[in-house]
Amino acid sequence: MVKKEREFVHLKRQLELQNKKLQHIFKIGRASVAILSSEKPEKLNSVLQEIIDEATEVLNSEVGSILLFEPKSDIMTIRVAKGLDEDIIKKTRLKTGERISGWVAKHKEAILVKDIEEDTRFSPRSLERYYTKSLISAPIMIDRHVLGVININNKGNRQVFDEEDLDLLGAVAAQAALIISNVNLYKELQRLYMNTVEALAEAIDARDHYTKSHSEHVTEYTVAIANEMGLPQKKIEIIERASKLHDIGKIGIHDYILNKPGKLTKDEWEEVKTHSLKGARILEPLAFLDGVIGTVKQHHERYDGTGYPDKIKGDKIRIEARIMAAADAFDAMITERPYAAAKTQEEAIEELKKESGKQFDPKVVKAFLKVLEKRGK
Ligand SMILES: [Fe+2]
Ligand SMILES: [Fe+2]
């Protein structure tokens with residue numbers, strides 16, 4: 001009976017331990033789903049930090065780190081750590097083969113070191129700075145390609161690590177590898193998409209001689225107006241990008257409509273009006289451009305609330321889009337169009353003033369007039 005009782009207690013303890021470990025792994029899994037569904041690759045570091053925090057906790061350690069190879073290089077640096085001095089985090093740079101992390105990266109295998117001083121795999125010289133006796137370390141790899149290494153050290157206040165700990169670290173490393181490679185893949189896809197979108201924007205400008213260099217001119221105006229208004233750098237970057245891409249939705253409008261000499265029918269005009277929304281949709285996969293997407297979507301809203309697509313009004317329209325509306329209209333006015341002769345600069349300025357408070361934000365018009373005045377000098 002006593003034996004049975006002991007067995008029961010043992011099993012119960014075992015179950016608790018396993019449950020605790022699973023909880024941690026589950027948390028890490030959830031963090032990785034969060035990062036991938038938020039489509040924010042810049043969150044990678046915070047997820048890796050979460051992984052190292054969880055891993056050290058479950059392994060009852062106070063010190064751990066994740067090292068990753070720098071892009072296209074043989075150098076690993078510490079991306080996240082727990083319990084390490086800031087100085088070590090900043091200065092550590094390891095090549096394949098160097099020290100323990102380098103050894104793990106080179107041999108592509110996880111190691112359990114029970115007593116660092118007695119382990120014959122490492123020369124004592126290379127370990128001078130090691131302050132822990134026992135450690136576990138596992139390669140973070142995908143298809144035998146090593147992305148980095150995860151290390152967990154104990155500080156001597158605990159018994160040495162065992163095989164079970166090593167297995168757990170292996171599982172954590174496998175999850176980290178999946179997250180990192182997914183994020184890398186995602187970043188690469190975004191980069192390719194961005195290139196295509198930019199090429200497309202240029203092609204749209206180029207295919208129609210009426211709008212040639214239109215986006216370029218609009219960009220010059222909007223950035224100058226934003227600076228004149230003293231907008232923060234972040235908003236200026238958004239407006240610059242949005243200006244270059246603002247008419248990208250025209251790729252979804254029939255050529256014959258865009259190039260039609262003379263007036264558009266009501267239906268044709270309705271189709272032209274879909275381009276701001278279509279543009280926003282094209283940019284949607286580039287989630288990191290959220291401010292840009294909103295600006296593209298709103299660039300034909302009017303200050304008095306009679307624009308499109310959402311008929312929003314006043315300050316409800318992003319400031320970047322209010323600026324763009326004025327710059328876009330101004331460039332259109334002074335350019336010859338299939339349906340209208342070009343206005344002179346003076347006539348276009350009169351139009352800006354006339355529409356101030358109606359089509360355009362008065363603050364934007366004021367800044368724009370200053371910009372034009374400075375340019376005229
Ligand atoms: Fe437009
Ligand atoms: Fe435009």
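A residue is called buried if 20 or more other C-beta atoms lie within 10 Å of its own, exposed if 12 or fewer do, and partly exposed in between, with the C-beta atoms placed from the backbone. By that criterion R99 is partly exposed, because 17 other C-beta atoms lie within 10 Å.

The model is predicted, and local features need pLDDT of at least 70, side-chain atom pairs count only at pLDDT 80 or more, and totals for chains, interfaces and linings use all residues. Residues are numbered from 1 along each chain as its sequence is written, while chains are lettered from A and ligands numbered from 1 in the order in which they are written.

**Overall make-up**

The secondary structure of the protein chain comprises 14 helices and six strands, where helices (H or I, at least four residues) and strands (E, at least two) are DSSP runs numbered from the N terminus. Of the 377 residues in the protein chain, 34% are counted as buried. Among the contacts in the protein chain with a separation of 6 or more, 60% join residues 24 or more positions apart; two residues are in contact if their C-beta atoms, placed from the backbone, lie within 7 Å.

**Nonpolar cores**

A nonpolar core is a set of buried Ala, Val, Leu, Ile, Met, Phe, Trp, Tyr and Cys residues joined through C-beta atoms within 7 Å. The largest such core has 40 residues, of which A55, I140, I150, L169 and A176 touch the most other members. At least two residues of this core are supplied by each of α2 (44-58), β1 (63-69), β2 (75-82), α4 (99-107), β5 (135-142), β6 (145-153) and α5 (163-207), and the largest share, nine residues, comes from α5. Leaving aside residues up to four places away in sequence, I150 touches A55, I66, S137, A138, I140, L169, V172, A173 and A176. Another core, of 36 residues, lies apart from it, with I204, A242, A321 and A326 among its members.

Helix α5 also holds A174, which counts as partly exposed because it has 15 C-beta neighbours inside 10 Å. The C-alpha atoms of A174 and I142 are separated by 7.9 Å, although the two residues are 32 residues apart along the chain.

**Helix pairs**

| Helix pair | Angle | Axis separation |
|---|---|---|
| α7 (residues 233-245) and α12 (residues 319-333) | about 45° | 10 Å |
| α10 (residues 275-283) and α11 (residues 290-298) | about 165° | 7 Å |
| α13 (residues 345-355) and α14 (residues 362-376) | about 160° | 10 Å |

Angles under 35 degrees count as roughly parallel, over 145 as roughly antiparallel, 65 to 115 as roughly perpendicular and the rest as oblique. A crossing is left-handed if the near helix is turned anticlockwise from the far one by less than a right angle, and right-handed if clockwise. For the classes of residue, Ala, Val, Leu, Ile, Met, Phe, Trp, Tyr, Cys and Pro count as nonpolar, Asp, Glu, Lys and Arg as charged, and the others, Gly among them, as polar.

Helices α7 and α12 are therefore oblique to each other, and α7 passes α12 in a right-handed crossing. On the α7 side K235, I238, I239, A242 and S243 meet I319, E320, I323 and M324 of α12, and the residues of this contact divide into six nonpolar, one polar and two charged.

With axes 7 Å apart and an angle of about 165°, α10 is roughly antiparallel to α11, and α10 passes α11 in a right-handed crossing. Their contact is made by S276, L277, G279, A280 and L283 of α10 together with V292, I293, V296 and K297 of α11; by class, it has six nonpolar, two polar and one charged residues.

Helices α13 and α14 are likewise roughly antiparallel to each other, but α13 passes α14 in a left-handed crossing. Here I349, L352 and K353 of α13 make the contact with V365, F368, L369 and L372 of α14, a set that divides into six nonpolar, no polar and one charged.

**Backbone features**

Most residues other than glycine have a negative phi, and most peptide bonds are trans. R99, in helix α4, is not a glycine and has a positive phi near 50°. R144, in the loop between β5 and β6, has a positive phi of about 65° although it is not a glycine, and R144 counts as exposed because it has 7 C-beta neighbours inside 10 Å. A cis peptide bond with omega of about 10° joins Y308 and P309, and P309 is found in the loop between α11 and α12.

Technical notes: Axes are lines fitted to C-alpha atoms, for helices over the stretch in contact, and angles run from 0 to 180 degrees between N-to-C directions.
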